Amino acid sequence: MQAALLMALGLALVPFGPAVGDYINTASIFELGASVRAIGMGGAFIAVADDGASVMYNPAGLPQLTTTRFTSMFTRPFGEFSYGAVGAAQSGWGAQLLILDSGALEERDLYGNPTDAFRLTETGFVLSVGADVGGGVSLGLQRKLHAVATPGSSIGAALSPAIRFTEGPRAYSLVWRNALGTDLRFADGHAEPWMRDVAVGFAWRTDHMVYAVDFTEHLITRGDLASVRAGVESRQFDTLILRAGTHREGSSFGVSVYRGAFRFDMAYVLHYTLPDSYYLSLKYRWDESLLDLM
């Protein structure tokens, strides 16, 4: 029962998830996004990976960090659930904690009569490390831990290796997501495998712009070009950053306003079939230089 409820929750919330017919498990909390900046760029961030969001999107980007970053994010997808993330990262390593809470939900019988109330609380923890190996190449390894607190309990873990190559203004990345992992096991004996796929990204930077494109392997092998995510970021204003992106489920727009060591991010996602949703984030970096994006 609890596994089915959690699976339904994942299907409703995942904005960048697999196409209809693909298997989605309860660990889809990791597909909700952990960076308002990345969400504003349509989720195309695998090759960008130049800030604290590298912890989630590509651990091979962590060696680029020159300051300590603290991040937070909050959203209420479709006005129905609460989802948040907090994290910290610096050169070579970082961690993020994700929390998804449904609030009170009614359980009904076959005739639609309320019979009970329950709550879904799901958590995810990500620990990532990365190292520069020279020649523009960096490697990374991500460890995910997933747990369902209520109803019942479950736990599972997965490892994701990554590689990033930079060549002047261009960057190429590959992340083998959940390459190794233990099944998600529930207290009632039910078990689910992790979703595994290979994600590839390309990014190109100019003085004031960042362009990014991501591809997801498990869709590409079917010839499904809808797996493409694309985004752009503009830094042409002193204290304002603008973003836009697109993906299979819709389009997104984002903006950042920063002052000193603080930055406020906002993203708005226009879904084609589901209600629109917004994301808010507050970030802080230890170094007060404004030349380095958080």
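This is a predicted model: local features need pLDDT of at least 70, side-chain atom pairs count only at pLDDT 80 or more; totals for chains, interfaces and linings use all residues.
Strand 15 covers residues 262-271. Its side chains alternate between two faces. R263, D265, A267, V269 and H271 point to one face and are buried.

Strand 15 pairs with strand 14 (residues 250-259) through 10 bridges. These two strands run antiparallel. R259 has F262 in strand 15 as its bridge partner. Strand 14 and strand 15 form a hairpin, with 2 residues between them. In the turn, G260 has a positive phi of about 60 degrees.

Strand 15 also pairs with strand 16 (residues 277-285), here through 8 bridges. This pairing is antiparallel too. Y268 stands opposite Y278 in strand 16. A hairpin is formed by strand 15 and strand 16, with 5 residues between them.

Aromatic side chains were examined next. The structure holds 7 aromatic pairs. In one of these, the ring centres of Y172 and F202 are 5.3 Å apart. Their planes meet at 40 degrees, so the pair is tilted: stacked rings lie under 30 degrees and edge-to-face rings over 60. Y172 lies in strand 7 (residues 170-177), and F202 lies in strand 10 (residues 197-205). The pair therefore ties together parts that are 30 residues apart in sequence. Y172 is partly exposed, with a relative accessible area of 32%. F202 is partly exposed as well, at 29%.

Definitions and conventions:
Residues are numbered from 1 along each chain as its sequence is written. Side-chain values use heavy atoms; hydrogens and water are left out. Rings of Phe, Tyr and Trp (its six-membered ring) pair if their centres lie within 6.5 Å; planes under 30 degrees apart count as stacked, over 60 as edge-to-face and the rest as tilted. Helices (H or I, at least four residues) and strands (E, at least two) are DSSP runs, numbered from the N terminus. Buried means under 20% relative accessible area, exposed over 50%, partly exposed in between (1.4 Å probe, protein chains only). Two strands pair if DSSP finds at least two bridges between them.
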